[in-house]
Amino acid sequence: ASLGRFLACLPKAELHLHIEGTLEPELMFELAQRNNVLHTLPCKTLDEMRAAYNFEDLQSFLDLYYAGCAALICEQDFYDLTMAYFQRAKADNIVHTEIFFDPQTHTLRNIPLRQVIQGIARAQKEAEQSLGISSGLIMCFLRDQGPEKALQTLTEAEEFLEYVVGVGLDSTELGNPPSLFQGVFERAEELGLKRVAHAGEEGPAEYIWEALEKLRVQRIDHGVKCLEDTKLIGHLKDINMALTVCPLSNLELKIYTGQLEERMIELLGTGVLVTINSDDPAYFGGYINANYLWLIQKLGLSSQQIADLHANSFKASFLPEETKTKHC
Ligand code: ADE
Ligand code: ZN
């Protein structure tokens with residue numbers, strides 16, 4: 001219980017959070033009603049929706065996650081979604097967060113990119129002023145839509161780059177290796193954008209190598225499959241590469257089923273720069289503190305280990321160097 005209090009008091013950073021994955025069923029239904037699109041939701045009732053949060057793998061989650069986005073239409077919806085996350089973040093004592101969004105999930109439904117970015121950005125500005133939470137926005141390409149669409153999305157986003165710190169790569173991992181997106185990430189680098197990619201969540205350790213070497217990423221999202229490759233673990237340590245690990249997500253998406261606790265202990269033991277994050281908290285049963293609490297309860301983490309993980313998040317953030325060291 002005292003570790004719980006220690007955790008609650010730590011001012012934290014979050015580096016792996018999909019804003020669409022913070023859409024709680026209550027807000028989803030409220031927005032859908034407001035927009036007269038209740039009939040387009042994947043479930044008819046809140047209870048049915050909650051019961052559907054029972055996943056076999058990444059794809060079964062993604063199907064529901066994309067379907068739920070049907071509720072998000074107006075600029076105000078993206079503002080409300082993002083503000084609701086900031087309230088949750090405040091409750092968990094998050095002081096800095098780097099938020100992912102999936103532009104193509106919305107542009108594919110003919111929602112203008114401007115509407116999406118402006119709604120999120122308005123909430124970011126408001127949260128900075130009223131809640132004291134700083135944040136960055138990272139635009140993720142949907143890897144299952146292919147590299148041409150990703151490049152098109154990047155070009156479309158060029159007029160909004162003042163709102164975006166970096167690009168990422170997410171969605172269906174298996175069969176969509178990072179190497180396909182080398183050109184897009186080169187363009188992002190030319191534009192001065194930071195780069196991250198989901199790799200080694202469901203996919204193999206090889207995808208982590210590709211993200212490092214072909215996409216020149218500054219963080220690996222998930223990356224837990226590095227445990228299959230000793231040489232890779234050594235390399236991640238050598239280059240001080242951060243992994244944004246999401247324990248409750250891995251649990252719910254059946255990554256390392258039946259041995260997740262052992263694998264997390266192993267991962268923490270490697271000395272790789274691990275950070276703890278919530279991924280899609282509305283779907284996986286908990287925000288950042290719940291992710292830390294799971295580790296405390298299942299792995300018996302000490303307060304020193306929690307403090308180290310917490311410091312790692314600031315080290316691995318895209319905050320200016322002066323600001324980082326204040327928190328570590
Ligand atoms: N999009 C949202 N959450 C994701 C995850 N955990 N992996 C891949 N794509 C995602
Ligand atoms: Zn993710």
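**Ligand 1.** I looked up what surrounds ligand 1 in this predicted model. I listed His18, Gly21, Leu58, Tyr65, Asp170, Ser171, His198, Glu201, Ser249, Asp279 and Asp280. I then sorted this shell by class. Five of its residues are polar and four are charged. Two are nonpolar.

**Confidence.** I checked the scores next. The protein chain has an average pLDDT of 97. I noted that 100% of the residues reach at least 70. For the model, I wrote down an ipTM of 0.98 and a pTM of 0.98.

**Annotated span.** I turned to the UniProt record. The entry is unreviewed, and its annotation "domain: Adenosine deaminase" covers residues 11-327. How far apart are the end C-alpha atoms of residues 11-327? I found 8 Å between them.

**Helices H13 and H15.** I picked one helix pair to follow. H13 runs over residues 260-270, and H15 over residues 288-299. Their axes come within 11 Å and cross at roughly 100°. I therefore recorded H13 and H15 as roughly perpendicular to each other. Which residues make the contact? From H13 I noted Glu261, Met264 and Ile265. From H15 I noted Leu295, Lys298 and Leu299. I sorted this contact by class too. Four of its residues are nonpolar and two are charged.

Conventions: Residues are numbered from 1 along each chain as its sequence is written. Chains are lettered from A and ligands numbered from 1 in the order in which they are written. This is a predicted model: local features need pLDDT of at least 70, side-chain atom pairs count only at pLDDT 80 or more; totals for chains, interfaces and linings use all residues. A residue is near a molecule or strand if its C-beta atom, placed from the backbone, lies within 6 Å of it. Ala, Val, Leu, Ile, Met, Phe, Trp, Tyr, Cys and Pro count as nonpolar, Asp, Glu, Lys and Arg as charged, and the others, Gly among them, as polar. pLDDT is the predictor's confidence in each residue, from 0 to 100. UniProt positions are given in the numbering used here, feature names are shortened, and annotations may be inferred rather than shown by experiment. Helices (H or I, at least four residues) and strands (E, at least two) are DSSP runs, numbered from the N terminus. Axes are lines fitted to C-alpha atoms, for helices over the stretch in contact, and angles run from 0 to 180 degrees between N-to-C directions. Angles under 35 degrees count as roughly parallel, over 145 as roughly antiparallel, 65 to 115 as roughly perpendicular and the rest as oblique. Two residues are in contact if their C-beta atoms, placed from the backbone, lie within 7 Å.
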